Amino acid sequence: MTAAYNPFEILNVPMLKRIAQHGNHFIVLQRFNWPGIEPGRGFMGTPYTDQAKAAQHVSHLSEKEGKVLNLSADATKITDLINDPKYYLFLNTFRDPNWDNRILKHYQRNIISYLRARMTIRQTDQIDINLSLQYGRLKAVVTANGPEHTFDAYEMIK
């Protein structure tokens with residue numbers, strides 16, 4: 001097995017300060033699953049300037065999946081998580097401009113197996129996969145010989 005590829009920016013204290021300096025006063029911190037990260041140990045942060053937009057993000061999450069934190073009032077909670085070595089925090093931005101192609105290439109075998117189990121795909125079918133981040137979750141929109149299907153990308157690559 002090869003090492004896991006993770007395209008997301010790491011959320012650390014200097015990054016947190018930059019987020020606040022850019023006028024983002026709120027962050028949605030939610031559970032994040034990824035190969036190589038033990039379940040319950042990963043978190044994804046999405047910064048917001050407006051609390052209403054952050055609350056809208058949380059409304060798309062399942063119960064206890066995430067919450068809105070105020071960067072000034074809850075700074076200690078966030079920095080405690082960042083400084084705890086058993087947790088991994090990421091920002092909803094990508095460190096690699098070619099992240100989507102690298103994910104598809106790195107996890108190709110898992111993705112093909114997943115899709116064959118859930119879709120009718122022939123050897124000659126062209127498969128189009130578009131990855132995007134939606135409410136802190138990486139989603140894959142897949143088209144192959146018919147209608148498009150949306151999958152949780154983590155489920156495809158794990």
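I take contact to mean heavy atoms within 4.5 Å. Helices (H or I, at least four residues) and strands (E, at least two) are DSSP runs, which I number from the N terminus.

**Entry 1. Basis.** I worked from a predicted model, in which local features need pLDDT of at least 70 and side-chain atom pairs count only at pLDDT 80 or more, while totals for chains, interfaces and linings use all residues. Residues are numbered from 1 along each chain as its sequence is written, and side-chain values use heavy atoms, with hydrogens and water left out.

**Entry 2. Helix α3.** I looked up which residues of α3 (residues 75–83) are buried, and found Ile78, Leu81 and Ile82. These residues cover an arc of only 100° around the axis, which puts them on the same side of α3; the arc is that of the directions from the helix axis to the C-beta atoms. For burial I used relative accessible area: under 20% is buried, over 50% exposed, and in between partly exposed (1.4 Å probe, protein chains only). I recalled that an α-helix has 3.6 residues a turn, so residues three or four places apart point the same way. On the face of α3 turned away from the buried side I noted the exposed residues Thr76 and Asn83.

What do the buried residues of α3 pack against? I listed α1 (13–21), β2 (26–31), β3 (42–48), β4 (66–70) and β5 (88–94).

**Entry 3. The five-stranded sheet.** I counted two strands as paired if DSSP finds at least two bridges between them. Five strands form an open sheet of mixed pairing, in the order β1-β5-β3-β2-β4. β1 (8–10) and β4 are the edge strands with a single partner each, so one side of each is left without a neighbour in the sheet. Direction ignored, neighbouring strands of this sheet are turned by 35° against each other on average; the axes are lines fitted to C-alpha atoms, for helices over the stretch in contact, and angles run from 0 to 180 degrees between N-to-C directions. I then checked β2 and β4, which run antiparallel and are joined by five bridges. Phenylalanine 26 stands opposite asparagine 70 in β4.

**Entry 4. The β7–β8 hairpin.** I found β7 (residues 137–143) and β8 (residues 148–152) paired in the antiparallel sense over five bridges. Lysine 139 has aspartate 152 in β8 opposite it. β7 and β8 form a hairpin with four residues between them. In the turn, asparagine 145 has a positive phi of about 55°.

**Entry 5. Positive phi in two loops.** Most residues other than glycine have a negative phi. I recorded lysine 64, which is not a glycine, with a positive phi of about 65°. Lysine 64 lies in the loop between α2 (51–59) and β4 and is exposed at a relative accessible area of 70%. I also recorded tyrosine 135, whose phi is near 50°. Tyrosine 135 belongs to the loop between β6 (128–134) and β7 and is partly exposed, with a relative accessible area of 34%.

**Entry 6. Nonpolar cores.** I defined a nonpolar core as a set of buried Ala, Val, Leu, Ile, Met, Phe, Trp, Tyr and Cys residues joined through side-chain atoms within 4.5 Å. Which members of the largest core touch the most other members? Of its 25 residues, they are Trp34, Ile103, Leu115, Leu131, Leu138, Val142 and Met156. At least two residues of this core come from each of α4 (99–106), α5 (108–118), β6, β7 and α6 (153–157). I noted a second, separate core of 14 residues, including Leu29, Phe43, Ile82 and Leu91.

**Entry 7. Salt bridges.** My criterion was a side-chain nitrogen of Lys or Arg within 4 Å of a carboxyl oxygen of Asp or Glu. A search of the whole structure finds four salt bridges. One joins the side chains of arginine 137 and glutamate 65 (2.7 Å, N to O). This pair links distant parts of the chain, 72 residues apart: arginine 137 in strand β7 and glutamate 65 in the loop between α2 and β4. Arginine 137 is partly exposed at 23% relative accessibility, whereas glutamate 65 is buried at 13%.

I also noted aspartate 96 with arginine 102, the closest N and O atoms being 3.2 Å apart. Aspartate 96 is buried at 14%, and arginine 102 is partly exposed at 43%.
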